[in-house]
Structure formats: structure tokens, C-alpha cells
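A student would like to know how the words used for a protein model are tied to their definitions. Please go through the terms one at a time.

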Amino acid sequence: MKSTLTVAVLAAVSATAMAASPMFNALSYNPKQIKTGACPTVDSVTDDLKVLEQYTNQVRIYSLKDCNQGEPVLRAMENTTWKIQLGLWVSNVESVYEADRTELLRLAGIFDFTKQVSAIIVGNEAIYRGEQTQTQIAEKVEDIKATMAKIGLDSIPITTSETWPSIDQTLVDAVDYINMHAFPFWEGVPIEDAQDTMFQHIYDIQKIAGSKRVVVGETGWPSDGGNFELSAPTLPNEQRFMKEFICRADLEQIEYVWFSAFDEAWKPTTNASDVEAHWGILDGNKNPKLSLPMYDCTGFVPNSKPDEPSDSSDASDELSGLESEDHSEDHSGASNVESKDSESSGAMSLT
């Protein structure tokens, strides 16, 4: 009888575990209120985290001063097990970086960063947007490293976040780990080729990374909107890319941040494809877009890994090809920054 009961209990536990949604390493999170884009409050962030705790225990944000979002997010995480990757926004307006840098120091005096902060990310695709050079970003990374060391927080990893073709040896040497973005959707590839496209980029960066770890700072696939070349934004494609990427990343022990937590109706539709509001794992009502579990790695067999990463010169050639297209907006799905009054105040708004 005891044996039968034990088997029944184990079976029930196993069934419950299978029904639970797998955890994401981390999710890209914009704390702005998802229906309106209004600035966050401690209560609104707390509500978001209660929903997101089913899927992850770590989020990444992109600025501290925009909407003064840093403080309510850190306040909502106090006395919890949440981890956060803090972003400092960098553009071609230096006062924007300086404002985030100042806010970082202020918040470090209020909160215990050693409990919640898992990384500090200096800039998001500023090189891709043509607003900074690799040397300029490397200098800012070194600046934040020195600043954190002075206040006894040199144990927190510091990096930047860039599209994979923008990463060169200058950046590799400056950061504590490489944080690369890659979106096969924005390369216009069919979903059948997305897995191989994604991992080839990872292998290219690993080739120049030396002993430093390579983390995928952003990747994802939109569920709705217009096609981008051969890339189709559909829910089945989002789920397929999610499974193929995450299951393979887990097998190869590659950390990642999935883009993104929520669909955001306030996002602009003026990009090369009207997909910006549809990258979330959760819809605009904070409900899962996919049935749970969102992906299942049972029996997953990844595509064959190439013997060697492609030559780094190939990456440069591909970058040239991508930049020659008319992609003036930010196609990573990440938050854009547009200047409200850059000449007078340097005030910026993440959109």
C-alpha cells in the first residue's frame, strides 16, 4: 500500500512539473504600464512581478532615469529573490548617459545592489544606431567599472549590449562578459532557418570572446504584424523559435534574455514592420499567449553544430550588407530613444 501511494504521489508531482511553464533565464522588461506607456509606480511594478514570477526570477531594464523607473523597480524587488540587470541608456547626447550614471550612484546609496543587481549594462545598441563608436562605449564601460569599484561594488559584472556584428575586440576587452543581440526575424530568414542563423552568430562571437562568456542579451520572435522579407510574425513561429533557441541554449549552457515580457500596445508602428507591439510572452492583458508549458525540451534534438564558426570577416561582410538596407529605426525590438529637446536639456524618452 505504501509503495502504491508513493508511486501515485511521484506521478502526481511529475505531472505537475510537466504542466508548469519552464523558467526563462531572464526577460526583457519595460516597466512602463503596458496599455498606456505611463510611467511605472511601485504598485504597478509589483503587479507585473507577481505575474512574471511564474516564468523567471530575473529581468533586464534599459534605463534608470527614463520615467524614473529605476527606483520603483528596485523598491518593488526589495526583500524578494528577484534579480535585475540595470541598464544605462547611451545615445549621441552625453547628458543622457550622465543622468543615468548619476542615478545609478544615487540608487546604489539607497539599495543593497549586492542582493538584487546581477549586472550593469552600459548602453543598448548605441553603436548599431550610429550614435557611439566601439571606443566610446568601451570608455563608458571602464568609467562605470571604476565608479562601482570606488563604492565597493566591483563584484557586479559590467558590460554593454550590442547587435552581434557591432561587437569587436575593443568591446570584448572592455566588458566583463559579452552581451550580444541577434534577431533572425530582422534578417528576413524563414523560421526553418532561424535556429541555425541564430547559433552561427553566437559561434562567431564566441570565436573572438576568448575566455569571456557570451550571453544572448536579446532575442525573440514577434507573434503578429507584417512579414519582414521571409520572416513571418505568427504565434506558431514565436513558439517554434522559442523552443529551438532555448532548448539548444540550455544544452550548450548559453545564458540569455528573452525579448520580451509583455506585448506593449503603446509601442510605435513606424518601424520597417508593424511588429513592435507583439514580442511578449504575455499579451496586453498579462495573459500567456501560448499554452503552458510554453515550450517543452523533451526529446529535443538540435541541428548539427558546425565544426568551426565562420570567419570573422564574414561577420563584417554581413554587417555591411545589413547596414546598406534602409533600416534607420531600431529593429531589435528594444526600446528606442528619441530626443525631446536634445539641444536644450538633453531630456529623452524611451519609446
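Q: What makes a residue part of the lining of the second largest cavity, and which residues are these?
A: A cavity is a set of points, on a 1 Å grid over the protein atoms alone, where a 1.4 Å probe fits but cannot get out, and a lining residue has an atom within 4 Å of a point. In this predicted model, the residues that line the second largest cavity are Thr159, Thr160, Ser161, Glu162, Ile167, Leu171, Val172, Val175, Tyr177, Ile178 and Asn179. The model is a prediction in which local features need pLDDT of at least 70 and side-chain atom pairs count only at pLDDT 80 or more, while totals for chains, interfaces and linings use all residues. Residues are numbered from 1 along each chain as its sequence is written, and side-chain values use heavy atoms, with hydrogens and water left out.

Q: How do you know what volume the second largest cavity has?
A: Grid points are joined across faces, edges and corners, and the volume is the space filled by probe spheres set on the points; for the second largest cavity this comes to about 50 Å³. The structure holds three cavities of 30 Å³ or more.

Q: Which elements supply the lining of the second largest cavity, and what makes them helices or strands?
A: Helices (H or I, at least four residues) and strands (E, at least two) are DSSP runs, numbered from the N terminus. Strand 5 (158-163), helix 7 (169-174) and strand 6 (178-181) each supply at least two residues of that lining, and strand 5 gives the most, with four residues.

Q: How are the residues of this lining divided by class?
A: Ala, Val, Leu, Ile, Met, Phe, Trp, Tyr, Cys and Pro count as nonpolar, Asp, Glu, Lys and Arg as charged, and the others, Gly among them, as polar. By this rule, the lining of the second largest cavity has six nonpolar, four polar and one charged residues.

Q: What is threonine 197 in contact with, leaving aside its neighbours within four places in sequence?
A: Contact means heavy atoms within 4.5 Å, and with those neighbours left aside, threonine 197 is in contact with Pro184, Glu187 and Val189.

Notes. On a 1 Å grid over the protein atoms alone, a cavity is a set of points where a 1.4 Å probe fits but cannot get out, and a pocket is an open set with protein on both sides within 12 Å along at least five of seven lines; lining residues have an atom within 4 Å of a point.
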